[in-house]
Amino acid sequence: MLTLATGDPLHAYLMVSLLTGGRTEELRALRWEHVHLDSETPHVEVWRSVRAGADTKTRKSCRTLALPAHAIEVLRSHRVEQVEGRLREARDWVDHGLMFPTAAGTVMDAANVRRDFRRALSLVPGLVPGEWTPRELRHSFVSLLSESGVPIEEVSRLVGHSGTHVTELVYRKQLRPVIQTGARAMDALFADQAADEP
């Protein structure tokens with residue numbers, strides 16, 4: 001999907017969502033002033049949301065995340081495309097400094113994101129866009145980290161949960177489903193025993 005949707009206007013949003021695990025309400029509120037692409041450690045400040053009062057879901061949801069190299073590259077291109085788009089739409093554009101605004105520069109609502117997400121998915125053969133929601137990218141983020149061996153405590157911090165309970169409860173399917181520690185230990189023990197036998 002990410003490859004086929006490269007030319008789609010929502011591509012940068014899709015990439016940042018997948019590569020940071022940000023909530024839709026957090027990504028829609030992101031402003032360019034919250035993104036530091038040229039700092040020693042490029043990062044994004046996930047300190048706001050589109051909720052009433054602009055607060056994040058919980059206090060722990062307020063976090064600063066280092067950006068992966070691919071996200072940095074995508075956001076640099078996105079910033080250039082956005083400036084060019086703003087020049088084309090100059091008379092209708094209202095600049096709020098948003099990273100992922102509507103065509104007029106205003107905050108996208110959840111329906112905008114869902115519609116545009118499904119439009120991007122329609123570029124992928126074999127997918128049924130109506131069966132997917134933007135939240136799938138957050139779930140994929142958790143799944144990929146878990147599969148890579150990142151501890152649940154760290155995954156919880158990255159997605160802005162106050163502890164591991166919600167991460168385990170909500171993202172249970174995405175967390176590593178097979179605990180292999182016991183099997184590996186037993187294989188090692190019995191391999192040693194088999195080697196000792198004549």
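Mentor: The largest pocket has a lining of 31 residues, and those nearest its centre are Asp 8, Pro 9, Leu 10, His 78 and Glu 81. Here a pocket is an open set of points on a 1 Å grid over the protein atoms alone, where a 1.4 Å probe fits and protein lies on both sides within 12 Å along at least five of seven lines, and a lining residue has an atom within 4 Å of a point. This is a predicted model, in which local features need pLDDT of at least 70 and side-chain atom pairs count only at pLDDT 80 or more, while totals for chains, interfaces and linings use all residues. Residues are numbered from 1 along each chain as its sequence is written, and side-chain values use heavy atoms, with hydrogens and water left out. The space in the largest pocket comes to about 720 Å³, a volume being the space filled by probe spheres set on the points, which are joined across faces, edges and corners. Three helices, α1 (11-20), α3 (69-88) and α4 (110-121), each supply at least two residues of this lining, and α3 gives the most, with 10 residues; helices are DSSP runs of H or I with at least four residues, numbered from the N terminus. Sorted by class, the lining holds 12 nonpolar, 10 polar and nine charged residues, where Ala, Val, Leu, Ile, Met, Phe, Trp, Tyr, Cys and Pro count as nonpolar, Asp, Glu, Lys and Arg as charged, and the others, Gly among them, as polar. Elsewhere, Thr 164 is found in helix α7 (residues 164-170), and the C-alpha atoms of Thr 164 and Ile 152 are separated by 6.5 Å.
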